[in-house]
Amino acid sequence: MYDRALETADTTALRQHQWRRVQALADAVVGANPFWTAKWRAAGLASAADLRGWDDVARLPLTTKRELVEDQAEHALFGTNLTYPLERYVRVHQTSGTTGAPLRWLDTQESWDWWARCWGFVLAGAGVRPGDRAFFPFSFGLFVGFWAGFDGARALGALAIPGGGQDSPSRLATMETLGATVLVCTPSYALHLLQIARERGIDAEKLPVRITVHAGEPGAGIPAVRSRIESGWGARAFDHAGMTEMGAYGYECEAQAGLHVNESEFIAEVVDPATGAAADEGELVLTNLGRLGSPLIRYRTGDRVRRATTPCPCGRTFMRLDGGILGRLDDMLIIRGVNVFPTAIEAVVRRFPVEEFQIEVFRDGELDEVRVHVEVEGGADGARRVQEALRATLGIRLDVAPVAAGTLPRFELKARRVVRR
Ligand SMILES: [Zn+2]
């Protein structure tokens with residue numbers, strides 16, 4: 001179950017807790033799980049007893065997504081990161097495949113219960129309580145997405161309402177009929193539902209939704225997106241971070257001062273992406289501690305983060321990522337010598353009455369060039385205002401092109417707003 005005591009434990013107690021979990025993890029995988037056994041033996045670690053103390057954890061080799069993809073390609077269907085015989089696993093999910101071939105991931109009953117426990121931290125952090133009615137407008141397909149959130153809401157004692165197999169107007173009607181107090185979806189889908197509500201003459205602000213929880217895209221951590229969701233729904237919007245292959249690791253608290261990492265179930269490190277050395281700002285590296293059947297140990301997430309150095313007003317002692325996920329390392333654009341994350345462009349674009357947008361990236365010689373397509377009120381005038389704000393904020397002039405409302409793709413799951421030509 002969700003455990004508030006661990007969230008406020010001091011560093012020593014937390015490290016001891018993590019160290020015990022690491023030992024249990026190493027005991028389970030070395031010798032049994034072919035992927036980790038081979039990887040660690042190659043690095044000189046023959047048995048779990050070779051891990052002698054906390055400092056040894058940071059000496060374990062880093063792991064990349066490419067290794068996982070290659071392993072699954074060579075060892076169909078599920079690769080070799082399996083601690084137990086296949087019969088022990090009860091769920092399969094796969095990634096959305098936004099950056100290459102999809103990864104398949106198996107869970108045991110224990111690791112699925114762990115997923116729900118992790119979501120307990122996410123929902124409780126946002127203020128969800130037993131008695132809340134949480135609505136999940138989600139397709140409930142192969143993508144793990146909000147499946148675990150759904151079970152997490154139930155585990156927390158809230159009423160979990162599935163919103164699969166419905167179009168957006170039916171989902172709004174379900175929310176209204178069943179009195180949903182919590183909405184869990186991607187930030188762009190929360191905005192899309194607002195648009196549908198406006199078209200149908202429904203005042204979403206009058207619905208009983210008091211909390212929205214978002215994942216799948218960085219949007220909810222972007223102030224302009226958050227304020228549009230909050231004013232439209234008359235609710236507080238919370239960000240959350242997770243990955244199919246890793247689990248639900250990051251969440252916001254009432255103070256909304258960046259993302260906390262759930263250090264009772266994960267070990268979080270920030271490293272220089274070039275050297276792998278510890279850093280204050282760099283790539284987030286994670287180890288999950290409760291998914292023993294298919295764990296990830298020192299996994300390079302590809303997410304750029306900055307660790308906060310001051311305590312959070314909420315009293316939680318878990319690591320805090322200042323500004324949440326700052327961007328994907330492989331998404332970073334270099335436009336006329338300036339490093340720009342697509343999230344920085346979105347933060348400006350969303351200050352305007354923009355329904356949807358797309359960032360088109362094309363190479364001009366050795367340089368990235370960008371054109372931002374916007375469905376904006378006011379057409380060319382609206383686009384020019386967006387362009388001026390981008391120039392004032394980022395210090396570079398980007399081409400901003402107005403497009404007709406409803407012409408850009410909409411997303412229920414992970415939005416693909418950066419298109420490379
Ligand atoms: Zn906090």
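Predicted model: local features only at pLDDT ≥ 70, side-chain atom pairs only at ≥ 80, totals over all residues.

Trainee: Metal first. Which residues coordinate the zinc ion?

Mentor: The zinc ion is held by C253, C312 and C314 through their SG atoms and by H260 through NE2. The distances run from 2.1 to 2.3 Å.

Trainee: What arrangement do the 4 donor atoms make?

Mentor: Tetrahedral, because the angles they subtend at the zinc ion are 106 to 112°. For comparison, the ideal angle for four tetrahedral donors is 109.5 degrees.

Trainee: How are the donor residues spaced in sequence?

Mentor: The pattern is C-x6-H-x51-C-x1-C. C253 sits in the loop between strand 8 (247-251) and strand 9 (259-261), and C312 in the loop between strand 12 (299-306) and strand 13 (320-321), so this pair ties together parts 59 residues apart in sequence.

Trainee: And are C253 and C312 buried or exposed?

Mentor: The cut-off for buried is under 20% relative accessible area. C253 is at 0%, so it counts as buried. C312, at 7%, counts as buried too.

Trainee: New topic. How many residues are in the largest nonpolar core?

Mentor: That core has 70 residues. Among those with the most contacts inside it are W40, W115, W119 and F136. Helix 6 (residues 109-125) gives the largest share, 9 residues. As background, nonpolar side chains tend to be buried together in soluble globular proteins.

Trainee: Pick W115. What is it in contact with, beyond its neighbours within four places in sequence?

Mentor: W115 is in contact with D107, V144, A148, M243, T244, G247, A248 and R291.

Trainee: Which residues line the largest cavity?

Mentor: The lining includes L68, D71, F78, N81, R104, W105 and S294. Helix 5 (65-74) and strand 2 (104-108) each supply at least two of the lining residues.

Trainee: Last one, N288. Where does it lie, and is it buried or exposed?

Mentor: N288 is in strand 11 (residues 281-288). Its relative accessible area is 0%, so N288 is buried.

Trainee: What does N288 contact, neighbours within four places aside?

Mentor: Its contacts are L25, W114, E245, M246, E265, F266, P295 and L296. M246 is also listed among the residues with the most contacts inside the largest nonpolar core.

How values were computed
Residues numbered from 1 in each chain as written. Heavy atoms only, no water. Core = buried A, V, L, I, M, F, W, Y, C linked by side-chain atoms within 4.5 Å. Buried < 20%, exposed > 50% of the residue type's maximum accessible area, 1.4 Å probe, protein only. Helix = DSSP H or I, 4+ residues; strand = E, 2+ residues; numbered from the N terminus. Contact = heavy atoms within 4.5 Å. Donors = N, O, S within 2.8 Å, 3.2 Å for Na, K, Ca; no water. Tetrahedral: all angles 85-135°; square planar, octahedral: opposite > 155°, others 65-115°. 1 Å grid on protein atoms, 1.4 Å probe; cavity = no way out; pocket = protein on both sides within 12 Å on 5 of 7 lines; lining within 4 Å.
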